[in-house]
Structure formats: structure tokens, C-alpha cells
Amino acid sequence: MNIPRQGVGAPVRRLEDDRYLEGRGRFAGDIRMPGMLEVAFLRSPVAHAGLRGVAKPEGAAHQVFTAADLEGVRGIRADSGLPGFRSSVQPVLAADRIRHVNEPVAACVAPSRAEAEDLAEATGLDLDILPAVHDMLKARDPDAPLLHDGWEENVFLESGFEQGFEAASADAAIRIRRQYRTSRQCMSPMEGRGVVAYVDEQADQLVVITSTQMPHIVRNGLAECLGIDQGRIRVIAPDVGGGFGYKGILLAEEVMLGWLALKLRRPVRWIEDRREQLAGNANCREHWYDITGYASADGRLLAVECEAIVDSGAYSAYPFSACLEAAQVASILPGPYKMDGFRCRTWSVATNKPAILPYRGVARTGVCFAMELMMDELARGIGMEPAEFRRRNLVTGSEMPFVNITNKIFDSGDYVEALDRSLAALDLPALRARQARGEPDGRHLGVGISIFCEQGAHGTSVYSGWGIPMVPGFEQATARMTPDGGLELRVGVQSHGQSLETTLAQIANEVLGVDPAKVKLVHGDTALTPYSTGTWGSRCIVMAGGAVATACEELAERAKKIAGTLLQADPDAIVLGNGEARGPSGSVTLAEIGSVWYHRPQDLPEGVDPAGLEATKGYKTVRDTGTFSYACHTAVVLVDPGTGAVEIEDYRITEDGGVLVNPMVVDGQVWGGAVQGIGTALYEEMPYDSEGQPLSTTLAEYLLPGAAEAPSIPIAHMETPSPISRFGQKGIGESGAIGPPAAIGNAVNDALRAFGAAIDQVPITPERVMAALARGERA
Amino acid sequence: MKAARFDLHLAADAAEAVRHLQGDDAKPVAGSQSLGPMLNLRLARPGLLVDVTRCAELRAVTEEAEDVLYGAALTHAEFEDGALPDATPGWLAPIARRIAYRAVRNRGTIGGSIAHADPAADWVATMTGLGASVRILGPEGARELPMAEFVTGALSTALGPDEIVTAIRLPRRGPEARWSYWKFCRKVGEFAKASACVLADPARDEYRVLAAAIERAPVALPDPRALIEGRADPREAVEAALPFLSPERRALQATATSRALAALETGVPA
Ligand SMILES: Cc1cc2nc3c(=O)[nH]c(=O)nc-3n(C[C@H](O)[C@H](O)[C@H](O)COP(=O)(O)OP(=O)(O)OC[C@H]3O[C@@H](n4cnc5c(N)ncnc54)[C@H](O)[C@@H]3O)c2cc1C
């Protein structure tokens with residue numbers, strides 16, 4: 001029998017696809033329970049105000065709930081242990097102060113959502129409007145209104161890093177300073193948030209079904225805010241239609257729904273609509289950089305100096321806190337390059353906007369944009385092809401593992417090779433010749449590169465350093481053989497597009513030889529899975545994958561012992577594969593092993609290992625400083641000087657994710673991320689006016705890339721194993737979203753150079769291109 | 001967001017629809033692709049919606065010697081699919097194909113589009129450019145207005161609150177007539193940021209260069225023949241005719257006009 005390989009490295013088709021493609025998935029919005037009530041939130045119409053009172057509609061006191069009703073409920077607090085961090089409390093419902101538009105003020109409960117919205121509409125707010133902080137660059141002005149009592153300035157945290165800067169920058173032949181900005185964005189998974197809560201009277205538990213990436217962390221937060229024991233709360237993530245970080249936080253709405261279920265003893269449901277998502281909830285990415293690069297005349301990057309501001313919004317979101325982005329900027333700005341000097345200061349500023357949340361590529365996308373645009377400027381400044389300037393400054397393969405200037409430990413890889421492979425696919429000389437000839441239709445061709453590395457699956461030492469409410473430790477998995485020789489895997493991470501139902505089954509196959517079709521992944525339920533911080537930080541395939549392998553190895557030992565008694569062979573001489581245990585003189589199937597243990601224990605010898613066919617094991621990487629995947633993105637664009645439109649003619653990625661557990665799944669992850677990166681580069685923007693009002697509050701204004709805007713993107717893989725993970729795999733979940741703004745930004749600037757123009761902000765809208773051209777013309 | 005409470009009446013014919021629109025609080029609905037979002041955002045809150053998509057007159061195509069009358073409730077998709085006779089030499093399907101997305105085109109109607117009068121709507125621009133007129137039915141009976149008089153501004157028309165659009169009358173165009181329509185959209189399916197149509201029909205001695213998607217009713221540029229024959233500069237024409245646009249929008253509009261003219265020149269279907 002010729003069984004195709006289904007283990008690590010095989011492009012196994014996704015086991016979860018059938019239910020999704022046939023519409024049988026079960027999302028929060030699919031859940032209906034007898035007696036269930038719908039919840040609509042009355043949200044603030046203004047950005048900053050004192051809240052003097054809330055007038056419930058006549059006769060609706062039992063259907064409309066405000067902060068005054070929430071006795072004993074604590075606000076959401078996510079402090080960082082970094083010195084100088086200023087703490088904020090995000091109220092579940094605003095009590096006496098409102099700090100951003102669409103902050104929840106009252107929860108309205110009715111048999112239908114429309115009726116609940118009627119109640120919200122009929123509820124009155126007595127507001128004392130205050131001036132709003134709408135621009136991060138003005139948040140630290142001495143006359144800026146303060147968001148939080150007791151703060152001296154609107155800054156959650158000032159952080160920094162400095163190493164060898166003065167000496168390294170002193171003799172630079174060239175020094176270039178630029179300011180760059182990434183706009184505020186709204187993460188837009190296909191499914192918004194959704195929460196169903198009810199009381200399971202038999203279990204004496206509050207059950208919160210929520211579209212989350214991290215059920216265990218949500219339970220921590222719910223227990224803290226509601227003041228009840230963790231054992232009396234169960235959090236379940238049903239099918240989740242995309243997360244990207246948007247569902248990696250504790251929601252005020254989750255706490256509120258939990259409270260309502262306990263109060264009303266009836267199931268309650270809240271399904272977020274697009275308006276709530278865009279105008280009140282899903283903020284991310286807004287960075288500003290004032291960056292200076294120093295280089296030698298022969299093309300050596302000497303030093304980088306930067307001041308960066310991140311608009312953290314009004315509150316510190318749980319569990320990642322308000323300062324994860326800015327603090328990371330200081331540590332990852334040097335990217336994949338060598339340099340002798342680095343100085344960076346960052347501010348996480350508070351503004352009257354929804355809290356900034358971690359979005360796929362957290363901080364890296366902005367960092368890559370600023371650093372890679374600067375690399376191009378320096379290259380041009382010394383008259384060198386930007387690719388060549390990069391080649392001279394990238395960490396090389398022979399230097400791996402490499403400790404960079406901010407003490408990041410790059411685990412393995414060959415960054416120069418990735419660049420060279422990308423260049424070979426691009427045929428740069430031909431493009432330069434075409435560029436010199438000009439396009440027949442009057443558009444301008446530009447070529448751009450970005451190269452970056454992505455720390456993923458970083459663990460205890462890194463996160464305890466940030467001191468946030470969530471520090472990952474050992475990742476655990478339970479492997480349980482069923483009586484028919486199948487396998488149940490229980491993991492605390494949550495799969496919502498990562499394809500873990502497939503890839504973790506492949507890992508089990510690799511270790512146990514069990515058919516992936518016979519592996520059932522149990523995930524997303526605090527009652528059924530080991531504790532985990534959940535799905536974030538490109539960690540699952542490394543951490544949950546490592547945990548599954550470890551648990552399966554334990555199970556393999558036990559299965560071999562049982563097989564040994566059945567085959568009368570030494571367990572060490574037994575090999576597992578293709579659904580059976582093979583000894584020197586015969587084999588038994590996994591089903592027979594399961595059957596003996598569970599159904600015919602009388603056939604087991606005296607002294608058999610009582611641990612049985614179920615094992616929970618914990619796992620950490622060899623070093624918990626993270627795997628570093630990396631990629632080189634190249635973009636060829638055509639810029640239309642008549643409209644400012646940017647067309648992506650060609651987009652390519654060379655990617656090294658270490659050993660790929662399932663190359664097809666990796667391609668899917670990278671493509672999806674890259675299209676989100678194209679959204680950052682060209683389309684997505686949530687502007688605020690001077691009163692703190694969000695201006696892109698429907699999908700007619702907030703443009704997302706669609707199928708027509710997604711080029712087909714060839715991906716070339718390198719597979720340098722990571723020395724620190726179980727199979728050499730690296731986290732790549734976020735990678736695709738990091739490179740596009742920088743690659744496209746550099747390509748657009750390459751095209752605009754003929755006009756003496758450059759863009760310095762994403763998204764690169766037609767208006768921004770036209771404005772850059774006009775500036776170029778004037779200069 | 002969910003709409004505020006309303007009643008729905010499915011009208012069987014145009015006269016019945018008009019009768020039901022007599023109250024102050026009633027509004028016609030066709031494909032609901034523009035009205036639906038406004039209902040859900042509670043920006044529109046009629047007490048009664050009168051659905052006109054089942055009225056036979058509004059679903060009919062009437063072919064006359066000089067014109068073709070298209071029922072107001074014909075969908076963009078029906079034009080796109082070539083399911084309807086074309087008064088022009090094949091110009092309508094390409095216009096329809098680039099409106100929104102197929103899901104929107106399946107429901108959205110030509111009558112709803114012009115009655116909504118979004119300045120950036122494709123039918124508003126092109127029906128004006130093609131010299132169409134609008135058949136209207138009200139309590140006093142039927143009347144007809146040229147598109148240029150029907151659309152009075154952004155989201156505003158000459159339609160009374162108790163009137164409906166029953167059909168759009170489109171003059172036939174012969175093989176010697178030339179046409180182009182050029183629009184600029186941020187991405188596929190989005191409303192245009194600038195658009196321009198050019199018509200040159202020597203047989204009917206009709207020439208038109210129209211600037212649309214300009215936040216008000218489309219504007220016909222003066223001396224279209226000079227523009228079409230290359231004797232006038234489209235940039236200057238746009239500068240002079242559209243002083244109310246921001247400089248950036250005006251520049252974009254000049255590009256749209258130049259490109260529509262260039263497409264007509266080369267006979268490339270826009
Ligand atoms: C995502 C999206 C993208 C879009 N993109 C584009 C685009 O690129 N280009 C474009 O042109 N359009 C676009 N549209 C609008 C779309 O074409 C709508 O179909 C059209 O504007 C309205 O047609 P409707 O039949 O849906 O009208 P409805 O929404 O039903 O009604 C619109 C208005 O017209 C009135 N009305 C409808 N029918 C009549 C009638 N027979 N008599 C009198 N009044 C009537 C209604 O009372 C209402 O005020 C888009 C819509 C969406 C949702």
C-alpha cells in the first residue's frame with residue numbers, strides 16, 4: 001500500500017474546509033437559544049465629555065442598564081510593568097467620563113436587535129462636552145486636555161533604547177532625516193465580534209461563547225472584572241471568522257454580556273455590526289516616526305536614530321496593554337540589518353480614540369515602513385542601487401545565530417540569499433531599462449523592495465520583560481487515543497484561519513503515524529483544553545505544535561509498551577507509522593492498541609503502565625527568545641500622474657518560515673497577510689476630525705482590498721530550520737502583512753523620483769500621490 | 001444597525017404604487033441598494049415603503065422607432081447580461097458591468113439609481129450623456145423630463161414625493177455615432193471620484209462632453225465639438241466650467257475628460 005506522506009512538510013488539504021465551504025460552520029451569529037435576548041449598546045456620540053446622567057426610556061428600566069447598575073463590576077485594567085507606565089481603567093460602561101466616540105454607555109436588551117436599538121435611541125445622555133485630543137502629535141502639548149485624572153501628560157509610557165549611537169554616527173558621510181506616518185486602521189475580519197452568554201445552572205457556570213482568539217485569557221479577565229471564581233466561568237470560542245488581533249483582547253462587551261446573563265438568568269447575545277467595528281472598536285497601526293539614518297560613502301549603514309509616537313487611544317487594552325507597540329518599535333526598528341549605533345525614543349500617547357489593538361504584524365508593519373523607506377533614501381543619497389545597499393548591511397548566513405544591536409537573537413537563515421533570490425526573480429536590470437525608456441501610456445514605473453525579519457513564538461523571558469497581564473509559559477497539549485485508535489488533541493490555542501485542525505493533525509501523524517483524518521482537534525474551550533495564552537504572535541505552529549509533538553511522543557512510548565506486550569517484542573524495537581505499530585515479527589494497528597487498553601484490560605499484563613493512553617505535556621522552545629522568520633518582498637508599480645492611482649504590476653515574496661509543516665497552509669497565510677498589507681499600503685484609513693469623530697464609519701468610506709485589488713503573488717520558499725523549535729518550524733502567521741507598505745512605498749517613491757516627489761505616509765491614496773507630485777513640481 | 005420600524009407594501013402596478021405614496025411618510029423602494037443602507041443607518045425612516053419592482057410597466061422594455069423605453073425596475077444585471085434590446089451600438093452593457101459588484105447589480109435598478117441621483121452614479125452620468133429622458137407617473141398623471149432637468153443636484157431630483165419613475169427613454173444611436181465613458185474609482189466596485197462621457201452623433205447632430213461625479217448634477221462643457229475635434233483644451237474647459245471643485249478634484253476631472261476624449265478618438269470602447 002502506498003500511503004502519501006501526511007506528516008510534517010506535506011501539503012495536506014485542510015480538514016476544516018468542508019464545514020466552512022458548505023456553510024456548516026457555527027459562528028456566534030449562528031447561535032440561537034430558547035428565550036435569548038439581543039443586546040444593543042448605546043454608544044457615545046462624542047469623543048470627550050463628562051457624563052452627567054443617562055435617562056432610561058419610560059418603563060424600560062429593566063431593559064436598559066448603565067454603569068450605575070454594575071455594582072461590584074471592575075473596569076478593565078491592563079498595566080505594564082515597564083517603569084513609568086501610567087495606568088488607565090477602561091470602564092465596562094462609561095460612568096462619569098467618556099473618552100472616545102462610540103464608547104459603550106448603556107446596554108439595551110430586547111427580544112430583537114432592532115427593538116434593542118430602538119431602546120438605545122430612546123435613551124438620553126446628559127453630556128458636558130470637553131475638547132478632544134485627536135492628533136497624537138498634539139497629545140503631549142502643554143495645553144492638551146488630559147484624558148486621565150492624575151496624569152501629568154497624555155502618555156502611557158515613554159520608552160527607549162540606546163547603544164553606541166554617538167560613536168557610530170560621528171563620522172557618517174551621509175545623514176538623512178525623514179518623517180513617516182502610518183494611518184490609523186481598522187482590522188476587518190470577515191466576521192466581527194460576537195458574544196452569547198448564559199448561565200449553565202447545572203454546572204453553576206456562567207458560559208460566555210465569544211468570537212475570541214484566547215478563551216483562557218478572556219476567562220482571566222472576566223473573573224477579575226466580574227469578581228467571580230474562574231471555576232464558575234466557562235469561555236467557549238465557536239468558529240471564529242478571522243481574528244488578526246482584533247479578537248485577542250478582553251472586550252467590555254464580553255464583561256457586560258456576562259453580567260447581563262447573570263443578572264437576567266436568560267441567554268443574551270450581542271453581534272457587533274460593521275459600524276461598531278469601524279467607528280468604535282477596531283483601531284490599530286497609527287505610528288509616526290522621525291527617523292535619521294547614517295551611512296558611510298561606501299555603503300555601510302552606521303547608525304539609526306528615531307523618535308516614534310504611537311497613538312494608543314484612550315485606554316490600555318487587556319492583555320497586551322497600551323505600550324506594546326511603541327515599546328516594540330524601540331527594540332525592532334533595526335530590522336534585519338547590522339549597525340553599530342542605535343538610539344530610539346518612543347511615546348505611547350493617549351488620545352480620544354478607541355484603544356489601539358495589536359494587528360497582524362504588531363508594530364512591525366510601521367517599523368518596516370519607516371526603516372525600509374529610510375534604507376532607500378540612504379542608498380540614493382550615496383548613489384547606490386537600494387538592493388546593493390541592503391546586501392551590504394544585512395546580517396549574513398554565516399553570522400547566524402546573530403545577536404543584533406537591540407539584543408534580539410536571530411536564530412537562523414540567510415537574509416542575503418532571500419534578497420538575491422528575489423532580485424533574480426525580478427530581473428532588476430531589465431526593469432531599470434524599461435524605466436529609462438518610459439511607459440507608452442505615460443505612467444511611471446517604480447520598483448521597491450522590503451526585507452524584514454519577524455520574531456514569533458517568543459515566550460516567557462520576553463513577555464515577563466514587558467510585564468503585561470499575560471506571560472506565556474509552557475504551552476501544553478493533551479493527546480488522547482480513542483478506543484478505535486483515533487486521536488483527540490486538546491490545545492488551549494484557538495484556530496480561526498490558521499488551519500490548526502490540519503497542521504496539528506499532521507504533527508500527530510509525524511509522531512504517532514495516526515491518519516490525520518482520524519485526529520480531532522479540540523480547541524477554544526476553557527472547560528476542555530489546557531490553559532494557554534491563546535493564538536497570537538505567530539506562535540501556534542511552534543508552541544502548540546511543539547506541545548502536540550511532546551504529548552504525542554509520550555503517547556507513542558505508552559502505545560509501544562502495549563504493542564510490545566501484544567507482539568511479544570521489546571517496545572524499543574517497535575516503530576509507529578501508517579496507523580500501526582510494527583515490531584520485528586509482526587504489527588498491530590493503533591485501533592487494536594486502543595481496543596486492548598479500553599475494552600480488554602484483562603489482556604494487559606501485570607505491571608502495565610497505569611498512565612494509559614492519555615497524556616498532557618508541556619513544551620517550550622530550546623530558547624524562548626523566538627523564532628525569526630524573514631522575507632523579502634518586491635513590488636513593481638505603475639503610478640498614473642493623471643490620477644495618482646497606483647497599480648501593482650508585479651508582487652513577489654521570498655519567504656523563510658523554517659521547516660514548513662504544510663506549505664499550502666503557509667502560502668495561504670502569507671497571501672492573506674500580504675493582501676492585508678496591500679490594504680495598509682494603498683487603501684485602509686480611519687481618519688478623525690478635530691473633534692475626535694471617526695470619518696470612515698462604513699465600508700463605503702473605509703476601503704478594504706477586494707479580490708480585484710489582490711494581485712497573484714508568487715511565493716518562493718527557503719526552509720532554513722530553526723535550531724530552537726521541535727521540527728525547525730518558525731512562526732510566519734503575521735509575516736505577509738509586514739512587508740507590503742514598505743515595498744509598495746519604495747516602489748511608488750522610485751516612480752515619483754523623476755518628479756522630485758516622494759510619499760511619506762500610508763495609505764498611498766491618489767490624493768497623497770497628487771499632493772506629492774504638486775510638492776515636487778513646486779520644489 | 002437595524003432599520004427603524006416600517007411597513008412594506010408590494011405594489012402590483014404603477015398606479016397602485018402612486019396611490020400608496022399619498023401619505024407623507026411613504027417612499028418607493030426598488031433594489032434597496034441605496035435605500036437599504038440608509039434605512040439601516042436610520043438616516044431614512046419612512047413609515048411605509050412601496051416596493052415598485054413588481055409593477056409590470058416598470059419591468060417592460062418598449063421599442064419605438066426613434067427611442068427605446070426601459071422600465072425603471074430593470075436591474076443593472078439585466079443590462080450587463082445583454083438581456084435587453086440596446087438602443088445604442090452596444091454601449092449599455094459595458095456601463096452596467098462596471099457598476100458596483102454583481103451582488104449589487106442583481107438587485108439595483110436603473111430607475112432607483114437615477115431617482116437616488118447620487119452624483120457619482122453611473123446611470124446618472126451616462127443617461128445624461130446619452131440624452132435620455134425620464135417618464136414619471138404621479139397623481140396628476142404622466143410627465144416626461146430630460147435627464148438634465150430631472151437631476152437637480154446631489155441626491156436631488158424634480159420628482160415629487162408621490163411620483164415614481166416608470167421608465168427611461170433612450171434615443172437610438174446609429175453605427176456612425178461614437179461614445180466614450182471614462183471614470184476613476186479607487187477600487188473596483190466603488191463609486192467614481194471623477195467621470196466624463198463624450199457623445200458624437202453626427203446623424204442627429206448631437207455632441208456632448210459631460211463632467212460627472214462632481215458632487216452635483218453633471219455639467220455639460222461648452223462647445224463640445226471643439227473639444228471632440230481637438231480644437232479646445234479639455235483642461236482649460238474643465239477649469240472654466242467647474243470652478244467650485246477643489247484644485248485636486250478639478251485636476252482629476254481634467255484627466256477624466258481628456259481620457260474620455262482620447263478614448264473616443266481612437267474608438268476604444270471605454
Ligand atoms: C456596495 C455598493 C456599491 C455601489 N457602487 C455603485 C457604483 O459604482 N455606481 C453606481 O452607479 N451605483 C452604485 N451603487 C448604487 C446602486 O447602483 C443602487 O442600485 C442604485 O443607486 C439604487 O438603485 P436601487 O434600485 O437599489 O434603489 P433603492 O435603493 O431601492 O432606492 C433608491 C432611491 O430611489 C428611490 N426610488 C427607487 N425606485 C424608484 C422609482 N421607480 N421611482 C421613484 N423613486 C424611486 C427610493 O425611494 C430611494 O430614495 C452601489 C451600491 C452599493 C450598495
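1. The face of H11(B) turned away from its buried side carries Glu236(B) and Ala240(B), both exposed (over 50% relative accessible area; buried is under 20%, partly exposed in between, with a 1.4 Å probe and protein chains only). This is a predicted model, in which local features need pLDDT of at least 70, side-chain atom pairs count only at pLDDT 80 or more, and totals for chains, interfaces and linings use all residues. Residues are numbered from 1 along each chain as its sequence is written, chains are lettered from A in the order in which they are written, and side-chain values use heavy atoms, without hydrogens and water.

2. In helix H11 (residues 234-241) of chain B, the buried residues are Pro234(B), Ala237(B) and Val238(B). They cover an arc of only 95° around the axis, so they lie on the same side of H11(B); the arc is that of the directions from the helix axis to the C-beta atoms. Helices (H or I, at least four residues) and strands (E, at least two) are DSSP runs, numbered from the N terminus.

3. Chain B has twelve helices and 14 strands. Its radius of gyration is 18 Å, close to the 18 Å that the globule rule gives for 270 residues, so chain B is as compact as a globular protein of that length (C-alpha atoms; the rule is 2.2 Å times the number of residues to the power 0.38). Buried residues make up 53% of the 270 residues in chain B.

4. The C-alpha trace of chain B spans about 55 × 45 × 35 Å along its principal axes.
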